[in-house]
Amino acid sequence: MLIRIVRMTFQPEKVDEFLDIFDRSKHKIRAMPGCQHLELLCDYDHPNIFITNSHWDDATALNNYRNSELFKETWAKTKVLFSEKPLAFSSRKIGTI
């Protein structure tokens, strides 16, 4: 399994616009082949910082999503709302305590 974490910092006045974009696309993203989990988190102290945590079967499934029209359309609408460059990490789970 591949775990993808993306940290996004938005212009404060654009947060509601981002939340609307996410709300309209979340079920479509979750329905992508190979997507096992999708959640949106908000930084506890900074309400304009959000983190997506998604779990994919493997890198191929994630890349298929990243090459899809859904991703291209969603990302085009989202990236113009940023106040900082997003940070993305791909990882694998080692263990749970």
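**Close-up views of a predicted model**

View 1. Helix α1, made of residues 15-30, lies across β1 (2-9), β2 and β3. Its direction is at about 165° to that of β2. Please keep in mind throughout that this is a predicted model.

**View 2. Four strands line up in an open sheet.** Here you can follow the strand order β2-β3-β1-β4, with antiparallel pairing. Which strands stand at the edges? They are β2 (35-42) and β4 (87-91), and each has a single partner strand, so one side of each is left without a neighbour in the sheet. Neighbouring strands are turned by 15° against each other on average, direction ignored.

**View 3. β2 meets β3.** Strands of a sheet pair through backbone hydrogen bonds, either parallel or antiparallel. In this view, β2 and β3 (residues 49-56) pair in the antiparallel sense over 7 bridges. To find your way, look for leucine 41: its bridge partner in β3 is isoleucine 51.

**View 4. Helix α2 also lies across strands.** Residues 59-66 form helix α2, which lies across β1, β3 and β4. Helix α2 runs at about 40° to β1.

**View 5. One side of helix α3 is buried.** Within α3 (residues 69-79), the buried residues are Leu70, Phe71, Thr74 and Thr78. Why do they share a side of the helix? They cover an arc of only 90° around the axis, which puts them on the same side of α3. The buried residues of α3 pack against β1, α1 and α2.

**View 6. Phenylalanine 10 has two ring partners.** The structure holds 9 aromatic pairs. In one of them, the ring centres of phenylalanine 10 and phenylalanine 18 are 4.3 Å apart and the planes are at 25°, so this pair is stacked. Phenylalanine 10 is buried, with a relative accessible area of 0%, and phenylalanine 18 is buried at 3%. Phenylalanine 10 also pairs edge-to-face with phenylalanine 50, at 6.0 Å centre to centre and 65° between the planes. Since phenylalanine 10 lies in the loop between β1 and α1 and phenylalanine 50 in strand β3, this pair ties together parts that are 40 residues apart in sequence. Phenylalanine 50 is buried too, with a relative accessible area of 5%.

View 7. Phe10, Phe18 and Phe50 belong to one aromatic cluster, together with Phe22, Trp56, Tyr65, Phe71, Trp75 and Phe82.

**View 8. The annotated stretch.** UniProt, in an unreviewed entry, lists residues 2-94 as "domain: ABM". Over residues 2-94 the chain is 38% helix and 31% strand, and the end C-alpha atoms are 11 Å apart.

Technical notes
Residues are numbered from 1 along each chain as its sequence is written. This is a predicted model: local features need pLDDT of at least 70, side-chain atom pairs count only at pLDDT 80 or more; totals for chains, interfaces and linings use all residues. Side-chain values use heavy atoms; hydrogens and water are left out. Two strands pair if DSSP finds at least two bridges between them. Helices (H or I, at least four residues) and strands (E, at least two) are DSSP runs, numbered from the N terminus. Axes are lines fitted to C-alpha atoms, for helices over the stretch in contact, and angles run from 0 to 180 degrees between N-to-C directions. Contact means heavy atoms within 4.5 Å. UniProt positions are given in the numbering used here, feature names are shortened, and annotations may be inferred rather than shown by experiment. Buried means under 20% relative accessible area, exposed over 50%, partly exposed in between (1.4 Å probe, protein chains only). The arc is that of the directions from the helix axis to the C-beta atoms. Rings of Phe, Tyr and Trp (its six-membered ring) pair if their centres lie within 6.5 Å; planes under 30 degrees apart count as stacked, over 60 as edge-to-face and the rest as tilted.
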